[in-house]
Amino acid sequence: MAATVTIRRWTGSAGGPTKTDITSINTRANAEDAHSTAGTTNSILIPSVGTNYSYWVSTRLSVDSITAGTVDNIKWYTDGTNNFGTGVTCIGQSATTYVQATGTPGQTGTQLTTGNHAGLDTTPSDVFSFTSASPLSVTGSATTTGDLGHLLIYQMVVDTTAASGATASETFTWKYDDTSS
């Protein structure tokens, strides 16, 4: 029987984060450390100068059931095309540990850098460089239930040329091997 694997968004304190199942729903990157499917109360403000950021979004796979075998060879990727619009980009990277996102609610998050998030595997880069032909390899494997592999952290980056309103949706894909089936 195949393993059951879900995608979880982590929010809240590092000592006891909330892990929300986002497998079949949208999750919005806002200027707050909370899962939202459509909330705009704390949207990212378009700056008059410089750059504003979403709070970083922390996601991780979770093995909810497995009878035998291994889940491994984890990959993460996009379709390779940024449809967020002018002045909006997205950066991301895998991370060994969870670090709670911070910033100024309703305005901007703290920039995602290796200096601000000590658990990042390396410097964040444009997520649209990760495609099905060239995915980001995410370390980890599991033979039992629980958190699977490293986290994937991403952040929206908004500059002065961005248009007001919600951006288009994007799909980020997790892929893995399951030898339990």
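I started with strand S1 (residues 4-11), which is joined to strand S4 (residues 57-65) by seven bridges, the two running antiparallel. Trp 10 has Ser 58 in S4 as its bridge partner.

A note on the source: this is a predicted model, so local features need pLDDT of at least 70 and side-chain atom pairs count only at pLDDT 80 or more, while totals for chains, interfaces and linings use all residues. Residues are numbered from 1 along each chain as its sequence is written, and side-chain values use heavy atoms, with hydrogens and water left out.

Next I looked at strand S2 (residues 18-21), which is joined to S1 by four bridges, again antiparallel. Here Arg 8 stands opposite Asp 21. The hairpin of S1 and S2 has six residues between the strands, and Gly 12 there takes a positive phi near 90°.

I then turned to an open sheet of three strands, ordered S10-S5-S12 with antiparallel pairing. S10 and S12 are the edge strands with a single partner each, so one side of each has no neighbour in the sheet. S5 and S10 pair over three bridges, and I noted Lys 75 opposite Ser 137 in S10.

My last entry is on the rings, with five aromatic pairs in the structure. I counted rings of Phe, Tyr and Trp (its six-membered ring) as a pair if their centres lie within 6.5 Å; planes under 30 degrees apart are stacked, over 60 edge-to-face and the rest tilted.

Trp 76 and Phe 172 make a tilted pair, 5.1 Å centre to centre with 55° between the planes. Trp 76 lies in strand S5 and Phe 172 in the loop between S11 and S12, so this pair ties together parts 96 residues apart in sequence. Both Trp 76 and Phe 172 are buried.

Phe 84 and Phe 128 are edge-to-face, at 5.9 Å and 70°. Phe 84 is buried at 10% relative accessibility, and Phe 128 is buried at 8%.

Definitions and conventions: Buried < 20%, exposed > 50% of the residue type's maximum accessible area, 1.4 Å probe, protein only. Pairing = 2+ DSSP bridges.
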